[in-house]
Amino acid sequence: QTYMEEHDLLIELKKGSKKAYSILFNKYYKDLVLFGGNFLPTKSMCEDIVQNVFLKLWRDRESLEILSSLKSFLLSSVQNSCLDELRHKGVIRAHESYSMTYGPSDNIDTENYVLYSDLQGHLTEALGKLPEVCRQAFEMNRLEGLKYREIAEKLNVSERTVEVRIGKALSLLRNHLKEFFVAFFLLWSFWK
């Protein structure tokens with residue numbers, strides 16, 4: 001598969017190219033679902049929103065007017081759809097509570113939003129800087145999905161020790177990934 005610039009993909013999309021549509025879908029879908037977690041409480045709700053955004057992108061492809069980047073256009077579309085969903089469901093209060101805790105997400109600069117794919121390299125690097133015992137407990141919990149009790153049994157330590165190690169890992173990762181903190185929080189909380 002030859003690499004196509006976003007601009008070229010957009011031109012092909014407007015002409016009705018299913019291949020261009022598929023490339024764009026595969027490139028942005030996962031990132032957009034993660035981004036939706038800034039607003040909505042469940043992954044399934046975010047997936048529905050993103051699928052609808054892509055359906056609309058295909059339906060309106062001939063009349064598309066994208067003034068900034070496609071990435072920014074898609075992020076804005078997902079953000080607006082999520083906020084509409086919140087209003088529709090009458091759960092604005094939950095969103096406001098989230099915003100008070102983690103910062104105002106309706107002011108996110110979509111042009112500069114850090115996508116999941118951008119975060120991967122930084123996260124791998126940060127994990128490599130953790131003390132071995134903290135990284136091991138953290139990865140067993142967050143990547144393998146093991147409970148503290150299961151980790152404690154495998155490592156032959158107390159549950160409290162596991163809790164302390166994971167807490168230390170999170171603290172160190174937050175420090176290493178300051179500028180990515182919102183995406184980092186979502187990556188490890190929203191997908192559990």
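These are my notebook entries on a predicted model of a single chain.

**Entry 1: overall make-up**

I began with the secondary structure. I found 10 helices and zero strands. Read along the sequence, the pattern is α-α-α-α-α-α-α-α-α-α. I then looked up burial for the chain. Of its 192 residues, 41% are buried. The accessible surface comes to about 11200 Å². Carbon and sulfur atoms hold 50% of that surface. I also checked contact range. Among contacts with a separation of 6 or more, 69% join residues 24 or more positions apart.

**Entry 2: the nonpolar cores**

Which residues have the most contacts inside the largest nonpolar core? I listed Leu32, Phe54, Leu57, Leu74 and Val78. This core has 28 residues. Helix 2 gives the largest share, with nine residues. I noted a second, separate core of 18 residues. Leu127, Leu130, Cys134 and Leu173 are among its members.

I went back to Leu74 and looked up its partners, setting aside neighbours within four places in sequence. Leu74 touches Tyr28, Leu32, Val53, Phe54 and Leu57.

**Entry 3: aromatic rings**

I counted ring pairs next. The count is four aromatic pairs. I took Tyr21 and Phe54 as my example. Their rings are edge-to-face, 6.2 Å centre to centre, with 85° between the planes. The cut-off for edge-to-face is over 60 degrees. Tyr21 sits in helix 2 and Phe54 in helix 3, so this pair ties together parts 33 residues apart in sequence. Are these two residues buried or exposed? I found both Tyr21 and Phe54 buried.

Arg61 lies over the face of Trp58, at 3.9 Å from the ring centre.

**Entry 4: Asp60**

I looked up where Asp60 lies. Asp60 is in the loop between helix 3 (43-59) and helix 4 (70-89). Its relative accessible area is 23%. Buried means under 20% and exposed over 50%, so Asp60 counts as partly exposed. I also checked Asp60 against Lys14. The two are 46 residues apart along the chain, and their C-alpha atoms are separated by 8.6 Å.

**Entry 5: helix 8**

I finished with helix 8, residues 148-155. Which of its residues are buried? I found Ile151, Ala152 and Leu155. An α-helix has 3.6 residues a turn, so residues three or four places apart point the same way.

I looked at the opposite face too. The face turned away from the buried side of helix 8 carries Glu153 and Lys154, both exposed. Next I asked what covers the buried residues of helix 8. The cover includes helix 7 (132-142) and helix 9 (159-176). Last, I checked the backbone just after helix 8. There Asn156 takes a positive phi of about 60°.

Methods:
Residues numbered from 1 in each chain as written. Predicted model: local features only at pLDDT ≥ 70, side-chain atom pairs only at ≥ 80, totals over all residues. Heavy atoms only, no water. Buried < 20%, exposed > 50% of the residue type's maximum accessible area, 1.4 Å probe, protein only. Helix = DSSP H or I, 4+ residues; strand = E, 2+ residues; numbered from the N terminus. Contact = heavy atoms within 4.5 Å. Areas by Shrake-Rupley, 256 points an atom, 1.4 Å probe, with all protein chains shown as cover. Core = buried A, V, L, I, M, F, W, Y, C linked by side-chain atoms within 4.5 Å. Phe/Tyr/Trp six-rings, centres within 6.5 Å; stacked < 30°, edge-to-face > 60°. Lys NZ or Arg CZ within 6 Å of the ring centre and 35° of its normal.
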